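Me: Please take a close look at one part of this model. I would like the strands, their pairing and the side chains that link them.

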Amino acid sequence: VQVGAPLLGVDENWQIVVCNQPAMALLGLEGSAPPIGKPLAQLTNHPILHLLMKADNPEQASRGQLTLPNGSSYSIHSTLVHGLGRVALMQNISEMKELDRIKSEFVAGISHDIRAPLTAILSYTELLERFGELNARQKSFLDNVRKSVSVITGLLSDLLAIGRIEAELARQHSLIDVEEIAYSVVDMLGNPAELREQKLSLEVQENLPEIMGNPYRLRQAFTNLVENALKYTPEGGDIKVELLSKDDQVVVCVSDNGIGISKEDQDHIFERNYRADNVLNSYDGLGMGLSLVKSIVEDHNGRIWVESTPGEGTRFTIVLPTYRDML
């Protein structure tokens with residue numbers, strides 16, 4: 001197959017059916033005979049490549065990144081080709097990753113420079129109240145200034161978080177115990193729930209399989225969903241986190257009996273900067289949290305969706321592929 005980028009293909013039994021010269025060079029097989037007919041495990045033992053080539057859902061395209069010992073990075077796109085098998089096309093993105101790193105450092109520096117004057121503004125608002133009594137209108141103005149500073153600070157934090165998802169130099173994926181991450185998130189948010197007299201519970205199916213991913217990023221996603229549930233559920237409400245295994249996938253559900261989301265808003269809820277009509281004037285926020293969650297889930301070759309009824313509650317479901325010993 002004459003393709004400039006590395007191309008690797010396996011049949012339904014994970015035997016090599018395509019391996020062009022760039023792929024052989026990438027995998028250190030230069031000078032060897034083409035490995036056609038050999039098992040994938042005999043060609044490479046890289047866990048990310050195995051996970052993508054043996055995706056649980058053969059109809060679903062999978063994406064990932066492969067980092068070689070020499071530090072070079074490759075983007076992998078694996079998809080099903082009917083009559084052939086699953087094929088992975090690999091693209092060298094080392095230079096692009098370095099540019100992304102430079103951009104990320106630049107954004108972080110600008111963020112730091114902006115935070116300093118924002119802190120000064122907040123300090124002055126506090127000093128104003130110490131130097132004389134303020135009337136109701138003046139206090140309202142100060143409250144608006146504080147809220148605006150809070151919005152800008154939150155915007156900077158979310159921009160940095162999304163930037164790290166999209167432009168991270170090396171995504172370190174490892175085997176993850178999803179149950180451990182969920183317990184840590186529920187434990188951390190237990191006190192805020194108690195203060196609002198809310199019931200925050202966790203249900204975990206036994207023998208939950210591990211997944212391949214980034215524990216820090218998944219913790220971000222879970223935390224964001226649970227915090228949203230706490231935020232949009234009235235005092236005394238119930239929030240439940242459920243973990244289970246289904247069809248060789250890990251399913252994570254975060255449900256509540258809060259204010260809910262309209263059908264019209266559900267179609268846009270994962271868009272960046274989008275906020276539902278029923279929260280615009282009553283709840284603080286920038287509409288970037290769910291966009292961040294979606295980025296994290298997709299980075300792990302997973303899917304996320306929402307089911308909700310206004311006035312009754314909301315349920316977010318995440319489905320992540322499991323990692324099984326395929327060698």
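Reply: What follows goes through the paired strands and then the contacts between side chains.

This is a predicted model, so local features need pLDDT of at least 70, side-chain atom pairs count only at pLDDT 80 or more, and totals for chains, interfaces and linings use all residues. Residues are numbered from 1 along each chain as its sequence is written, and side-chain values use heavy atoms, with hydrogens and water left out.

First, the setting. The chain has 10 helices and 12 strands. Both are DSSP runs numbered from the N terminus: helices are H or I with at least four residues, strands are E with at least two. Of the 327 residues, 42% count as buried. Buried means under 20% relative accessible area, exposed means over 50%, and partly exposed lies in between (1.4 Å probe, protein chains only).

Now strand β9 (residues 238–246). Strand β7 (residues 199–204) pairs with β9 in the parallel sense, over 6 bridges. Pairing requires at least two DSSP bridges between two strands. Leu 200 stands opposite Ile 239 of β9. β9 is also joined to β10, by 8 bridges, and these two run antiparallel. Here Glu 242 has Cys 253 in β10 as its bridge partner. The β9 and β10 hairpin has 2 residues between the strands. In its turn, Asp 247 has a positive phi of about 50°.

Ser 255 sits in strand β10 (residues 249–256). Ser 255 counts as buried because its relative accessibility is 13%. Beyond its neighbours within four places in sequence, Ser 255 is in contact (heavy atoms within 4.5 Å) with Asp 238, Ile 239, Lys 240, Glu 242, Thr 314 and Arg 315.

Next, strands β11 and β12. They run antiparallel and are joined by 7 bridges. Glu 307 has Arg 315 in β12 as its bridge partner. This hairpin has 3 residues between its strands, and Gly 311 takes a positive phi near 85°. In a regular strand the side chains alternate between the two faces of the sheet.

What joins the side chains of Arg 315 and Glu 242? They meet in a salt bridge, 3.2 Å from N to O. The term covers a side-chain nitrogen of Lys or Arg within 4 Å of a carboxyl oxygen of Asp or Glu. Arg 315 lies in strand β12 and Glu 242 in strand β9, so the pair ties together parts 73 residues apart in sequence. Glu 242 is buried, with a relative accessible area of 15%. Arg 315 is partly exposed, at 29%. The structure holds 6 salt bridges.

Finally, the aromatic rings. A search of the whole structure finds 1 aromatic pair. Phe 270 and Phe 316 form this pair, which is edge-to-face, with 6.1 Å centre to centre and 75° between the planes. Rings of Phe, Tyr and Trp (its six-membered ring) pair if their centres lie within 6.5 Å; planes under 30 degrees apart count as stacked, over 60 as edge-to-face and the rest as tilted. Phe 270 lies in the loop between α9 (263–266) and α10 (289–299), while Phe 316 lies in strand β12 (residues 313–321). The pair links distant parts of the chain, 46 residues apart. Both Phe 270 and Phe 316 are buried.
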